[in-house]
Amino acid sequence: MGTDQALLPKLARGQLFSDALMREVKARFLQVDHDHHGRERLYFDNAGGSFRLKAAAERFAQVDAIPDNAERIHATAVELQDIQAKGCADLRTILNAQGGSVYASLSASGAMFDMVRAVAENVPGTNMVTTVLEHPSAFDAMSLYAQRLGRELRVARSNPATGGVDVDEILRLVDENTSVLNVIYASNISGAKLDMEAIVRGAREIKPDLYILADAVQHAPHGLIDLQKTPVDGINLAPYKFFGCRGSGLSWLSERASVLPHHKLAGKKPDYWDLGSAAPWQFAVLTEIVDYVCWLGSQFVGDAITTDRRALFTAGITHIELHERALLALLLDGNENVAGMRKLEGVSVFLDHDDLTRRDLILGIGFDRIDCTQAVVEYARRGVTVYERVATSIYSRRMLESFGLAGTVRVSPLHCHSVADVEKFLRITQDIARGD
Ligand SMILES: Cc1ncc(COP(=O)(O)O)c(C=O)c1O
């Protein structure tokens, strides 16, 4: 089987893992079919916190149990330094980044505020550009610094037909006086991927030295990021949404962004971003994530045995994307066993863009009979965890209003799910729609 990224547009409806691989994948994660009390459960809220790799949880405990300070010269300290160096290299593997700085923080939100602050305060301009679909961590940071610095905040509108933001809609707001552009890689509400390559290219045609920040928290676990094609200046991800652990945000900054004045101890090098003691487990967990995706990739490279970690990672994440796309197609259109969402009476599928190659595995649905909050309760009664995104939530309002929606039930499975899991979910959805 090929591993080439060229597979992606060709397999417009995705490609499932084999049954044997599906079993192996499930076995590598915790609590895929049962919750922590051992109760059977379908967990379809991975966009709010993903299944954890067993290896990541074990490594977290192992590394965090070591009391030693990494800033010493003895053998254990050197071991911890190696763990950190490997984790930094692995973040660059995920992003295909070269050089720059790696910044480990407590959350992706914290890192985004720090990156926006450094760029906004130090790069001149009269306006700052972002999109209506940003998570509050990016949107509020952009609003805060625009206000403080007396800049105009320009906000690109969403497109209800695609669930995303059109490239031209962003580019029309960028000019030679733009200080910073901040764009989400994929929406955590609709799952729509933004065309980052065209956005970065187009924006730099308007202002060649434009600073660009990107929020990859939603997209990173579901598809390939390649900073050689989308050279941004700052990008963050959240390991707890990427098969890892909570309490950690990891970001990368370009060389020029890393040396912009920022909060740091005066004695540290200009491109150093960590503030206070590092937690080596953050890096160890990231390495487990990359090891896993590379292992998955190795199942597909066949004769082309490779030790190139980025090539294996690319193969792994490509097949995650393909499996998830096949699950999305199944959710929407069903199969010979069960009807899909698009055909279920009393169920609406929101922001249902035809081109599945432009979507991460997230679905927003609604019921005629009950509201979103009631629907979540009905799912829970049947052993299914999903999430209501309602306009009263600070995490949803701006995005939902931009689409003219009052609320949706967000359905976000993961590549650890099988066809049988999705069929079960569809049957339960049908029961809820009928009031059975
Ligand atoms: C798209 C997106 N960006 C940023 C964040 C913030 O991540 P964290 O919880 O690590 O601060 C989230 C979390 O929900 C998110 O979905």
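Visitor: Which residues does Ser-158 touch, leaving out those up to four places away in sequence?
Guide: Ser-158 touches Val-132, Leu-133, Gly-164, Val-165, Ser-402 and Phe-403; a contact is counted when heavy atoms lie within 4.5 Å. This is a predicted model, in which local features need pLDDT of at least 70 and side-chain atom pairs need 80 or more, while totals for chains, interfaces and linings use all residues. Residues are numbered from 1 along each chain as its sequence is written, and side-chain values use heavy atoms, without hydrogens and water.

Visitor: Where is Ser-158 placed?
Guide: Ser-158 is in the loop between strand E4 (152-156) and helix H7 (167-171). Helices (H or I, at least four residues) and strands (E, at least two) are DSSP runs numbered from the N terminus.

Visitor: Is Ser-158 buried or exposed, and what makes it so?
Guide: The relative accessibility of Ser-158 is 13%. Buried means under 20%, exposed over 50%, and partly exposed in between, with a 1.4 Å probe and protein chains only, so Ser-158 counts as buried.

Visitor: What makes the pair Ser-158 and Ser-402 a polar contact?
Guide: The side chains of Ser-158 and Ser-402 are joined at 2.7 Å. The limit is 3.5 Å between N or O atoms; within protein one must be able to donate a hydrogen and the other to accept it, and sequence neighbours count only if both atoms are side-chain atoms.

Visitor: Why do E2 and E4 count as edges of their sheet?
Guide: The open sheet has seven strands in the order E2-E8-E7-E6-E5-E3-E4, with mixed pairing. E2 and E4 each have a single partner strand, so one side of each is left without a neighbour in the sheet. Neighbouring strands are turned by 15° against each other on average, direction ignored.

Visitor: How do you know that E6 and E7 pair?
Guide: Two strands pair if DSSP finds at least two bridges between them. Strand E6 (residues 211-215) and E7 have three, in the parallel sense.

Visitor: What surrounds the ligand?
Guide: The ligand is surrounded by 13 residues, of which the closest are Ala-108, Ser-109, Asp-215, Tyr-240 and Lys-241; the cut-off is a heavy atom within 4 Å. An oxygen atom of the ligand lies 3.0 Å from a backbone N or O atom of Ala-108. For side-chain N or O atoms, the distance to a ligand oxygen is 3.2 Å at Asn-188 and 2.7 Å at Tyr-240. Taken alone the ligand exposes 390 Å², and the protein buries 89% of that, by the Shrake-Rupley method with a 1.4 Å probe.

Visitor: How are E12 and E13 paired?
Guide: E12 and strand E13 (residues 407-411) pair in the antiparallel sense over four bridges. Arg-389 has Thr-408 in E13 as its bridge partner.

Definitions and conventions: Axes are lines fitted to C-alpha atoms, for helices over the stretch in contact, and angles run from 0 to 180 degrees between N-to-C directions.
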